[in-house]
Amino acid sequence: MTTFSDKARLLLESGLFDEHWYVERYPDVLRAGMSPAEHFVRIGQHLGRTPRKGGNVVAASTFLTASRARTAADAISDDLRKKASTFHLFDAAWYRAHHAHDAGDDADLLIDYLKRSATDPRIDPGPLFSTSYYAAKHGDSVSMAPLIHACQYGFAEGRPVFAPQKVDTYLTENRDVQGCEIAQLIDRSKPVHIVYWSEGNFFFTEMAHYLRTVLSDAGYDVTCEPDLSDARADNIVVVAPHEFCIHGPGKRWKQQWLSQAVYLNTEQWHTQWFSLAFRYLTLSNKAIDMNPASAAGLQRLGVRTVFLPILPTVGSPFDTGRVAISDEFSNSRYILDLCYPDEFSARPYDVLFVGAANSRREAALALLAPVLADHDSFLHCPRFSGPVRQGDPDMMPTSDFVQIARNSKILLNIHQGESRYFEWHRLFLFGIMEGCVVLTEPCIPNRFVEAGRDYLECDLDAMPERLHWLLEDPDGQAEMRRVRANCGQLRQRMWGWSGLRA
């Protein structure tokens, strides 16, 4: 970017600026004798003006200041090249196909990318990394190229590195990639040590014990514990490495153990937690993932990965009978009489939503408030500033979630961020498996559960009308019966999905 006109053009194409909104918000722009975008570039950003509705002046200004000095070849170390490749930020073949058709066969494509992206942040180095996204997301990184900052600091500091839209596209394109079976990752002739951070998220502890049950059923000799005193050459499985290796005992582990472990990933790719976990996934190149599209994507990246569907396996934490709601949960909340009716239409709750609160979900629930107010709804949307631990006042135990789901018609899903990640544990385990009709924002497709057949999806702005139709219109009620019938067939074939076969 060299001229104000160039910057104005790129800003418009970035999606960070809305000309019509900017003029309506700041009518003096019409008297300035320049386009709205150029006004923002020359004047508006320095006055702290907002570039679009819901926008952020820092993000737009960071994008505009993303122009950096061209990087000399001798400034790119072997370590940087290795990290860019290991973390799958730079893909030479992808980069050549999309941005460097004219580069010679002997061209240094990493240097070529750094030079081109210094003057045009729309130039990306691979299918997962967005130059402009990273620069806008991390305004304090402007002193160096976004890719270099991500390699040197982004993953280690737990910054979101992968752009949500890039992730969604990549996982969608690779959703049919076949993963591994567990015998390819874990030696059946040796003991298996499953470890987790005992002070971390209660759900990850449940996942550790669930994996112990499934591996034991598959014939493995398994222990499940918060730490290891000695593992020698045994199998090690680390649950939620972003917790265990950063905050838990794993931060003191020997490199040998970290390099030989299989890591159970629980996180969405566009989050800071995945950035922390990803370093370990690529260290051993052995992973288990509870999301099918994520498992396929990791496999495509060269990380040998098993998809672990969470099922109500007998003897596991998710094998929940009909029990009373816990005193800890019920004493602070009003809960309708749970009657577990055989007839779906007699379920007492019309809508169930459970998810950690953030500004996006709060805005969505405000949009849905009129239709939710007309029906019996159970909403559990607390704010958390750290791991959701057993005994937290706002924690909803798994068993309580299951009981209420068995008495609800619709399980509603609102994504936590811009990614369309299919949250298997909530949508499948607590929704489909408990006989709810799942209504969600559009999700990344996967090989096992299909939108329109096994669950329903629509854009957020259409969701109020869709809920009204499903609950009150005879055609909508017939649609719910159709989906429930499909889910009944789905539950019959689910047990053959796991790679954890004996």
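Which residue is the bridge partner of valine 192 in β2?

The model is predicted; local features require pLDDT of at least 70 and side-chain atom pairs pLDDT 80 or more, whereas totals for chains, interfaces and linings use all residues. Residues are numbered from 1 along each chain as its sequence is written, and side-chain values use heavy atoms, without hydrogens and water.

**View A. Pairing of β1 with β2.** Valine 222 is the bridge partner of valine 192 in β2. Strand β1 (residues 192-195) pairs with β2 in the parallel sense over four bridges. Strands are DSSP runs (E, at least two residues) and helices likewise (H or I, at least four), numbered from the N terminus; pairing requires at least two DSSP bridges between two strands.

**View B. The open sheet.** Six strands with parallel pairing follow the order β2-β1-β3-β4-β5-β6. At the edges, β2 (222-225) and β6 (304-307) each pair on one side only. Neighbouring strands are turned by 20° against each other on average, direction ignored.

**View C. Helix α14 on the sheet.** Helix α14 (residues 272-284) packs on the sheet and touches β4 (262-265) and β5 (286-289), contact meaning heavy atoms within 4.5 Å. The direction of α14 makes about 150° with that of β4; axes are lines fitted to C-alpha atoms, for helices over the stretch in contact, and angles between N-to-C directions run from 0 to 180 degrees.

**View D. Backbone at histidine 88.** Histidine 88, although not a glycine, has a positive phi of about 60°. This residue is found in the loop between α5 (78-86) and α6 (92-99).
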